[in-house]
Amino acid sequence: MSRSLRHGALAATAIAFSITALTACGAGNNAQTLEVRPDNASTRSGAIKIQNANVITQPERDAKGPAVVTATLFNNGSTPETLDSITLTGSSGSVQLHPAKGSGPVVVPAGGRVILGGQGNASAVIENGHEATENGNVQPLVFKFSRTGDISLGASVVPAAHYFKGFGPSALPEPSTTPDASPSGSPSGSASPDASGSPSGEAGASSAASASGQPG
């Protein structure tokens, strides 16, 4: 074998060994290549993990109306936890929590998850969202759980457009004008009752019948 061929064989063997070593390093259960890292805010405390947290405002820039907090809440513990509140740090906005069905608290089941935002899911509505938040900012949030306590993270403030369209709030409906149900005047041509309670037309007919001698 020539010297050049021997050098080529050695180089190929070295490359193959390097690829095998890298593959072996990434094959474990804790390999970073197996972790899916969300683009949005995520944090963990105790058994609770919060993932993909955002504050989503109205789809139109100048539209007035509520905003919403969206997130996925995971409970890796053996006991259910209740999401007691969400607070917007440094803002006057108040968040109203509603479960996916019925009334009562938002409960994250043991070993399960709860999604905030989107059709058919639990919701966290900021009533005065157009005043409390501003697109492009990072809004500090505090999630308070019944057992884990307070969990803080910063959520991006984005409009309900493109990817977030199905998770955000809808614009407030325009106020409707209700016509007056009771007209101010009586329709023209309607008979007005006389003092006895009978229409004036019937009274005139009865008087004419009496004058002609025919029974009324």
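Analyst: Happy to. Twelve residues line the second largest pocket, and N52, T70, T72, Y163 and F167 are the ones nearest its centre. Strand 2 (48-57), strand 3 (67-75) and strand 7 (113-116) each give two or more residues to that lining. Please keep in mind that this is a predicted model.

User: What is the volume of the second largest pocket, and what classes make up its lining?

Analyst: The volume of the second largest pocket is about 180 Å³. Its lining has seven nonpolar and five polar residues, with no charged ones.

User: Why is N52 called partly exposed?

Analyst: The relative accessible area of N52 is 27%. Buried requires under 20% and exposed requires over 50%, so N52 falls in between and counts as partly exposed.

User: What makes strand 2 largely enclosed by the rest of the structure?

Analyst: Eight of the ten residues of strand 2 are buried, so the strand is largely enclosed by the rest of the structure.

User: How do you know that strand 2 pairs with strand 3?

Analyst: Pairing takes at least two bridges. Seven bridges join strand 2 to strand 3, so by that cut-off they are paired, and they run antiparallel. Within this pairing, Q51 stands opposite T72.

User: Which sense does the pairing of strand 2 and strand 10 take, parallel or antiparallel?

Analyst: Strand 2 and strand 10 pair in the parallel sense, over four bridges. V55 has V157 of strand 10 as its bridge partner.

User: And how does strand 1 connect with strand 2?

Analyst: Strand 1 (residues 41-45) runs antiparallel to strand 2, with four bridges joining them. R44 has K49 of strand 2 as its bridge partner. The hairpin of these strands has two residues between them, and there G46 takes a positive phi near 60 degrees.

User: Why is the pair of Y163 and F164 called edge-to-face?

Analyst: The ring centres of Y163 and F164 are 5.2 Å apart, and the planes meet at 85 degrees. Centres must lie within 6.5 Å to pair, and planes over 60 degrees apart count as edge-to-face, so Y163 and F164 meet both conditions. A search of the whole structure finds two aromatic pairs, and ring pairs link Y163, F164 and F167 into a cluster.

User: How many bridges join strand 9 to strand 10?

Analyst: Eight bridges join strand 9 to strand 10 (residues 149-159), and the two run antiparallel. A hairpin of three residues joins them, and K144 stands opposite D150 of strand 10. Strand 9 (residues 138-145) also runs antiparallel to strand 4 (residues 81-88), to which five bridges join it. There, T87 has V142 of strand 9 as its bridge partner.

User: What lines the largest pocket?

Analyst: The largest pocket has a volume of about 250 Å³. Its lining has 15 residues, of which R61, H130, T133, E134 and N135 lie nearest the centre. By class, the lining divides into three nonpolar, seven polar and five charged residues.

Conventions. Residues are numbered from 1 along each chain as its sequence is written. This is a predicted model: local features need pLDDT of at least 70, side-chain atom pairs count only at pLDDT 80 or more; totals for chains, interfaces and linings use all residues. Side-chain values use heavy atoms; hydrogens and water are left out. On a 1 Å grid over the protein atoms alone, a cavity is a set of points where a 1.4 Å probe fits but cannot get out, and a pocket is an open set with protein on both sides within 12 Å along at least five of seven lines; lining residues have an atom within 4 Å of a point. Grid points are joined across faces, edges and corners, and a volume is the space filled by probe spheres set on the points. Ala, Val, Leu, Ile, Met, Phe, Trp, Tyr, Cys and Pro count as nonpolar, Asp, Glu, Lys and Arg as charged, and the others, Gly among them, as polar. Buried means under 20% relative accessible area, exposed over 50%, partly exposed in between (1.4 Å probe, protein chains only). Rings of Phe, Tyr and Trp (its six-membered ring) pair if their centres lie within 6.5 Å; planes under 30 degrees apart count as stacked, over 60 as edge-to-face and the rest as tilted.
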